[in-house]
Amino acid sequence: MYQIEELPDFKVAWHESYKCLNEPLLEYVWEVANHFLPDYEDMSAAPAIFANRYAERNLSVEERYERTQEMRTFKGTLEEYKKREYRKLDDSFKEKFLTNEDLQNTIEAYKLDVSKFWYLLLFIYDFIEDIGTNAPTLNKSVLEDFSYFHANLLEATNIILKKNNKKSYVIEREDTIRIIQAALQHFVNTYSDIIHSEQDREAMIKQLKEIGLEGFIRNDLSSKISFTDKFSLDISYKKWKFTDMFLFFIERRKATTIPNKKVKVSKDKMMLASRLIYTVGYDGKRYNEEYDSEGNKNRMLSNLLRRYKNEKFPSVIANNYMVVS
């Protein structure tokens, strides 16, 4: 099994991120952070935040508090510190990462350092969980909720109906699900055509009324930040952002043939992202397989992203990484 070199504990505050600028293990993290989470003079604070979260991932709350006192980053008492919301950095998929031979072969083909790549994976996953899990962010409109439902329905392999929180009916027939998907897609396209047309407002309202949506034209899709309500991104949106960040990292790199390798090594960048999605648990083994049972190329991730090509990513706020995007 591959070995991961341990990241040192820098004990630097977020505004001192430059102090870990020359850490070799954070090279890939810096590359992605400076692009997606730029800060003062394009030097991101994210690598220092990540390094601190990594260092304290296995500490007790008391030990974390003592660490903040040593770093002088928290002035309150231990009891005050305990009241703060805390999400532990999750590195539970480390063995899954290291033992995935197909994934490791691709990393080798791209001549990437396994340790540096591991910390990049941890950073991107931690950031996405930060913006997408129990975050103080947008109050979704009805239409935004509908878009999440629509995205999930397009990937559905079964539909469960409930009545009073009890399962009352399960749809598993593929042809029935396809009919529902097609009908909803037609409804979405009809709505989109109306609101993006060059008609005047009254004409739009009249047409929307005919399909039962006259009230929603007043519901703009702007997001309202709330620090009392909590929000979690739909898993399909997590896959989207996760892939976006990894493809940025890998797009300028080229894979080479690995000498003496007797197995076929995938050089497909989308497949690399797909296997990483499987590694962190955003989807199952189907995302790790390059071909399906019938020998067809795995296009699941490509098909998912294609659905979002004309959509704007939801507005989000990070708990720990201090960004709004």
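Trainee: What counts as a helix or a strand here?
Mentor: Both are DSSP runs numbered from the N terminus: helices are H or I with at least four residues, strands E with at least two. This is a predicted model, with residues numbered from 1 along each chain as its sequence is written, and local features need pLDDT of at least 70. Side-chain atom pairs count only at pLDDT 80 or more, while totals for chains, interfaces and linings use all residues, and side-chain values use heavy atoms, without hydrogens and water.

Trainee: Okay, which helix gives the most to the lining of the second largest pocket?
Mentor: That's α3, with 5 residues. A pocket is an open set of points on a 1 Å grid over the protein atoms alone, with protein on both sides within 12 Å along at least five of seven lines, and lining residues have an atom within 4 Å of a point.

Trainee: Which other elements give two or more residues to it?
Mentor: Besides α3 (61-71), those are α2 and α4 (78-82). In total 25 residues line this pocket, and E56, R84, Y86, N319 and N320 lie nearest its centre.

Trainee: How much space lies in that pocket?
Mentor: About 820 Å³, counted as the space filled by probe spheres set on grid points joined across faces, edges and corners.

Trainee: And how does its lining divide by class?
Mentor: The second largest pocket has 10 nonpolar, 7 polar and 8 charged lining residues. Ala, Val, Leu, Ile, Met, Phe, Trp, Tyr, Cys and Pro count as nonpolar, Asp, Glu, Lys and Arg as charged, and the others, Gly among them, as polar.

Trainee: New topic! How many cavities of 30 Å³ or more are there?
Mentor: The search of the whole structure finds 1; in a cavity, a 1.4 Å probe fits but cannot get out. About 60 Å³ of space lies in the largest cavity.

Trainee: What lines the largest cavity?
Mentor: You'll find D268, M270, M271, S274, K297, N298, R299, M300, L301 and S302 around it. Helices α12 (269-280) and α13 (300-306) each supply at least two of the lining residues. The lining splits into 4 nonpolar, 3 polar and 3 charged residues.

Trainee: How do α1 and α2 cross?
Mentor: The axes of α1 (residues 27-36) and α2 (residues 46-55) come within 9 Å and cross at roughly 130 degrees. Axes are lines fitted to C-alpha atoms over the stretch in contact, with angles from 0 to 180 degrees between N-to-C directions.

Trainee: Which residues make the contact?
Mentor: V29, W30 and A33 of α1 meet A46, P47 and F50 of α2, where contact means heavy atoms within 4.5 Å. By class, that contact has 6 nonpolar, no polar and no charged residues.

Trainee: And α1 with α7, at what angle?
Mentor: Roughly 35 degrees, with the axes of α1 and α7 (residues 114-132) coming within 7 Å. Among the residues in contact are Y28 and V32 of α1 and F117 and L120 of α7.

Trainee: Last one: how do β2 and β3 run, parallel or antiparallel?
Mentor: Strands β2 (residues 159-163) and β3 (residues 166-171) run antiparallel, joined by 5 bridges; pairing needs at least two DSSP bridges. K162 partners K167, and L161 stands opposite Y169. The two strands form a hairpin with 2 residues between them, and N164 in the turn has a positive phi of about 55 degrees.
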